[in-house]
Amino acid sequence: MRFPRPSHSELLELLSITDSSELDALFKRAYEVKKQYIGTKVWFRGIIELSNICSKDCYYCGIRSSNTNVKRYTVSHAEVIKEARWCYEQGYGSIVLQSGERSNKAWIDQITDLIYAIKDVSDGKLGITISFGEQSKEVYKQWLDAGAHRYLLRVETSNPELYKKLHPQNHSFESRVQSLGYLKEVGYQVGTGVMMGLPGQTLADLANDVLFFYDIDVDMIGMGPFIPHKDTPFGHLVDSFDETTALQLGLKMIAVCRIFLRDINIASTTALQALKSDGRELGLLAGANIIMPNVTDTKFREGYQLYEGKPNLNENASETMQSLEDKITAMGETVAYGEWGDSAHFFKRTNQEKTL
Ligand code: 5AD
């Protein structure tokens, strides 16, 4: 039995809140739902940004293929394994591997090898979420067989017209949605997400995004506020960008998704932290339950600037983790070490028992 489908008007009403006491009430309500369905645990997934080489040219993204100001990099196999081992030794239950989108065979096989090697180095214990964009069903299967079990593929917006305005003609909304279908068929825990505050996006679009999440029955959501990047076609928006409004909108979407989708995993993303130093903690208080600390070697971080002001450019991974854990504990939440922190919704959707 599914939870009831919300109406567009009730979503819109909640997303329209701006009064601070009403906002507090919204976040509290979402937090209560999180407590009921998930508890007060937070799962860390160490994110490794493998490569900024990207075949896509999304108008909003700092690592779009036509941005020639970016120095392109790929982390070596050995370095990825070192970072994954570090995560394992720190007690992280899972890691996330992400990169710009590429679909040539050498790259696909390189990822497959990495997944096997990470499983190996962690005795099969590290959970692996991957985020490598649109691929064929066979490739998704190959990576699942290698040991990845969760996949993140943001749809960016569920409005096909808006999608067209944000991407070149050869990027297809329909293909992206189809990829989400493949991921589900193949057997992943499937995550998607959008950006909030995109140029031309309305609150009605965001309400439709929530309905889209409900209708495709997602297991996980990773979404964040749009933050303009100077070297993109939206670079002219950098000067007038309002961080406070963007943060508020980001938190509202988390809260609304938690209230209506209830038992899914929701990430409190780095983009929230870019807007306010404790943005990710605020995300947890608005209903999120996953944090993805950046464990990529600091020497690569300059190269993965999807938006302006991406934080932790110089901070090393141990420091990031300790200060984050202190803040989370102070909020009354517990970091769940050694657990995969799978989506409870996935097990319900597939009638399976939860394992790790
Ligand atoms: N602002 C916020 N998020 C962005 N992303 C890409 N560019 C931006 C931006 N300017 C997000 C996209 C993508 C994810 C990896 O990063 O949603 O799916």
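**View 1. The second largest cavity of the predicted model has a volume of about 90 Å³.** A cavity is a set of points on a 1 Å grid over the protein atoms alone where a 1.4 Å probe fits but cannot get out, and lining residues have an atom within 4 Å of a point. Points are joined across faces, edges and corners, and the volume is the space filled by probe spheres set on them. The lining includes Arg45, Thr129, Asn265 and Met292. By class, 7 lining residues are nonpolar, 3 polar and 1 charged; Ala, Val, Leu, Ile, Met, Phe, Trp, Tyr, Cys and Pro count as nonpolar, Asp, Glu, Lys and Arg as charged, and the others, Gly among them, as polar.

**View 2. The largest cavity holds about 920 Å³ of space.** Of its 46 lining residues, Gln98, Arg154, Glu156, Tyr304 and Leu306 lie nearest the centre. The lining divides into 20 nonpolar, 16 polar and 10 charged residues.

**View 3. The ligand sits in the largest cavity (more than half of its atoms lie within 2 Å of the grid points).** Residues around the ligand (a heavy atom within 4 Å) include Cys61, Gln98, Met195 and Phe226.

Residues are numbered from 1 along each chain as its sequence is written. In this predicted model local features need pLDDT of at least 70, side-chain atom pairs count only at pLDDT 80 or more, and totals for chains, interfaces and linings use all residues, while side-chain values use heavy atoms, without hydrogens and water.

Notes
1 Å grid on protein atoms, 1.4 Å probe; cavity = no way out; pocket = protein on both sides within 12 Å on 5 of 7 lines; lining within 4 Å.
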